[in-house]
Amino acid sequence: MIKIAPSLLAADMGDLRRAVAQVEAAGADYLHLDVMDGAFVPNISYGPAVIKALRPNSQLFFDVHLMVEEPGRFLSDYAAAGADLLTVHFEACRHLHRVVQQIKALGLKAGVALNPATPPEVLQDILPELDLVLIMSVNPGFGGQSFIPAALGKIARTAAMLRQIGSQADLEVDGGIYAANAGPVMQAGANVLVSGTGVFGQPDWAAAIAGLRSATEK
């Protein structure tokens, strides 16, 4: 079943509580929270204090995407803030297996993200440990970018790898997702769609989420 994860990065930063409440009422499954450190990616977004402030007001699954260097330093902070899942970047971890184990020890689900130029085969040895794989279909750090078409083949290869080991891990895709391309992304094997401007940038968030769902059912 497809899960829709609106990315809070595209919301009105001056009124995040309202944005979270309204997108939850609009039918979102996950809330995708992009944490940027100004080092791994050029921009800075928000940290655990903001997530902690939002957590009491929402029943959504908090899908926290750490676009930060050496994220193992901060995992306990995001766990305490109310994350349900922490996704770290393969490219940002010196000791990826250790970081994944740290996430699990905190009682959270663990995900690993791959930048557009990183092949999914690098996850072969860690794949059985993961609850989610995130394929970046844009270069991380900026909202509103266009979907990279080559990501479709990468999604399909990752899905095949998960099937081969019998994994039930989610396969999430983030970047340039709209109703126009949600169908092919789902058909390639994804089951969690992150959409920022595809939801928050639309006049009717409920209609945008419904449009993403219907596009995957065709």
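The accessible surface of the protein amounts to about 9200 Å², with 53% of it belonging to carbon and sulfur atoms; areas follow the Shrake-Rupley method with a 1.4 Å probe. The model is a predicted one, in which local features need pLDDT of at least 70 and side-chain atom pairs count only at pLDDT 80 or more, whereas totals for chains, interfaces and linings use all residues. Residues are numbered from 1 along each chain as its sequence is written, and side-chain values use heavy atoms, leaving out hydrogens and water.

Of the 218 residues of the protein, 52% count as buried, that is, under 20% relative accessible area with a 1.4 Å probe and protein chains only. The secondary structure comprises 7 helices and 8 strands, taken as DSSP runs (H or I of at least four residues for helices, E of at least two for strands). The radius of gyration is 16 Å, close to the 17 Å that the globule rule gives for 218 residues, so the protein is as compact as a globular protein of that length; the radius is taken over C-alpha atoms, and the rule is 2.2 Å times the number of residues to the power 0.38. Along its principal axes, the C-alpha trace spans about 45 × 40 × 30 Å.

Aromatic pairs number 2 in the whole structure, a pair requiring ring centres within 6.5 Å (Phe, Tyr and the six-membered ring of Trp). The rings of Phe 200 and Trp 205 have centres 4.9 Å apart and planes at 80°, so this pair is edge-to-face, a class that requires planes over 60 degrees apart. Phe 200 and Trp 205 are both buried.

Notes: Buried < 20%, exposed > 50% of the residue type's maximum accessible area, 1.4 Å probe, protein only. Phe/Tyr/Trp six-rings, centres within 6.5 Å; stacked < 30°, edge-to-face > 60°.
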